[in-house]
Amino acid sequence: MTLDEMPRDRRGVVTALDTRGAERRRLMDLGLLPGVSISAELRSPLGDPTAYEVRGTLVVLRGHQARTVHVELEDR
Amino acid sequence: MGGPGGGTEDLPTPRPRPAQDTHDSHDAAPGCASCALSSGGARLARLGLAPGRHDHVVALAGNPNTGKSTVFNALTGLRQHVGNWSGKTVARAEGGFTYGGARYRIVDLPGTYSLLSTSADEDVARDALLFGRPDVVVVVVDATRLERNLPLVLQIRQITGRVVVALNLVDEARRHGLTVDARHLTRELGVPVVPMAARRNEGIPELLAAIAQVAGTRDAPAPLRLVHKDPALEEAVADLAGRVAGQFPGVPNARWVALRLLEGDPGIEAAVRDGTLGELATPAAPVERAG
């Protein structure tokens, strides 16, 4: 599943970033590396953008960015 | 681009001076003998905006909102604007202080999460660290969000070993029930880690001692060498690093440069093309010595 599909009451673990170049670099710099835990915290009315909690801070991503982040749901 | 280590006396706008001021007006501001910080015999004298000649250049780096400007103000006695908005430290602020008989020029860099992305702020920070070749890089990290702050420390360690980590906001971390094992972190990073609460002046004497120690040492740790698990990548990095070292002998972090080239980093590509990279190999421009 990709990050934009992740339900709001769940946490996921980043498994891969399906993007290249500066965009990939930026996501990694903001802490989205494989193995990191992430959750959707605040969704704007149309779901784009959405704020995600990662490593103790909020990171706001647009839908097209969230779709490049692959996640696996954590057990409840 | 002139790094902060340039030997010229590019003094910032001078402060208004009393009429009878002499040429020695760049000396330590009077009254510092009574500074709270000088009580421990550590002898910090804040030189404010006009550091004049200096022995060492200190660069202050860190993620946004870690308290870099607060640390800067504590060391220089300046009141560089402290506030929480993006791009507050637009380019770089400079100031000075003396400690243990040596004069330091300190450069406050814009907050950055990374040295690898491409935004104006991050370019300023990276160019200053890479081409300015400061004697000490103080990386200010937020103890309450350590995990998020460590990638930048790692990136800076790949460029230089002349690093002091200022583990700031330990007071806030304590309020959240967090304590950070600074000694353990020191061992793992191979550079001094100083716990502090800059806005309360806690840890400033220890930070000064660590800065002086790194500035004065001849054998700082080598830049961190990360070996890549992917053999194809490792081979490409090794090959390209060899050629970078051949073209620019003496560049201390050829592997790091090679990685950036493989990533297609435009700033580094330009530095290779126009030869700026070669400046890394030559000794820093002679710094005017005090006294």
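Residues are numbered from 1 along each chain as its sequence is written, and chains are lettered from A in the order in which they are written. Because the model is predicted, local features need pLDDT of at least 70 and side-chain atom pairs count only at pLDDT 80 or more, while totals for chains, interfaces and linings use all residues.

User: How many helices and strands does the secondary structure of chain B come to?
Analyst: Helices (H or I, at least four residues) and strands (E, at least two) are DSSP runs, numbered from the N terminus. By this rule the secondary structure of chain B comes to nine helices and seven strands.

User: What percentage of the 291 residues in chain B is buried?
Analyst: A residue is buried if 20 or more other C-beta atoms lie within 10 Å of its own, exposed if 12 or fewer, and partly exposed in between, with C-beta atoms placed from the backbone. For the 291 residues in chain B, the buried share is 43%.

User: Which helix of chain A gives the largest share of the side that touches chain B?
Analyst: Two residues are in contact if their C-beta atoms, placed from the backbone, lie within 7 Å. Nine residues of chain A are in contact with eight residues of chain B. The largest share of the chain A side, four residues, comes from helix α1 (residues 21–29) of chain A.

User: How many charged residues does the side of chain A that touches chain B have?
Analyst: Ala, Val, Leu, Ile, Met, Phe, Trp, Tyr, Cys and Pro count as nonpolar, Asp, Glu, Lys and Arg as charged, and the others, Gly among them, as polar. The side of chain A that touches chain B has two nonpolar and three polar residues, and its charged residues number four.

User: Is A:M6 buried or exposed?
Analyst: A:M6 lies in the segment before β1 (11–17) of chain A. Leaving aside neighbours within four places in sequence, A:M6 is in contact with A:M1, A:G12, A:A40 and A:V71. Because A:M6 has 21 C-beta neighbours inside 10 Å, it counts as buried.

User: What is the phi of A:R55 near?
Analyst: A:R55 is found in the loop between β3 (50–54) and β4 (57–61) of chain A. With 19 C-beta neighbours inside 10 Å, A:R55 counts as partly exposed. Most residues other than glycine have a negative phi. A:R55, which is not glycine, has a positive phi near 50°.

User: Where does B:R133 lie?
Analyst: B:R133 has a positive phi of about 40° although it is not a glycine. With 23 C-beta neighbours inside 10 Å, B:R133 counts as buried. Its place is the loop between α2 (120–131) and β5 (136–142) of chain B.

User: Why does B:A61 count as buried?
Analyst: B:A61 is in strand β2 (residues 56–62) of chain B. Leaving aside neighbours within four places in sequence, B:A61 is in contact with B:L109, B:A125, B:L129, B:V137, B:V139 and B:I156. B:A61 counts as buried because its C-beta neighbours inside 10 Å number 29.

User: How many of the ten residues of α8(B) are buried?
Analyst: The buried residues of α8(B) are B:A254, B:R255, B:W256, B:V257, B:A258, B:L259 and B:R260. What covers them includes α3 (146–159), α7 and α9 (266–273) of chain B. Helix α8(B) is thus mostly covered, and its buried residues number seven.

User: At what angle do α7 (residues 231–247) and α8 (residues 254–263) of chain B pack?
Analyst: Axes are lines fitted to C-alpha atoms, for helices over the stretch in contact, and angles run from 0 to 180 degrees between N-to-C directions. The axes of α7(B) and α8(B) are 8 Å apart, and the helices pack at about 115°.

User: How many nonpolar residues has the contact of α7(B) with α8(B)?
Analyst: Among the residues that make this contact are B:L240 and B:V244 of α7(B) and B:V257 and B:L261 of α8(B). The contact has no polar and one charged residues, and its nonpolar residues number twelve.
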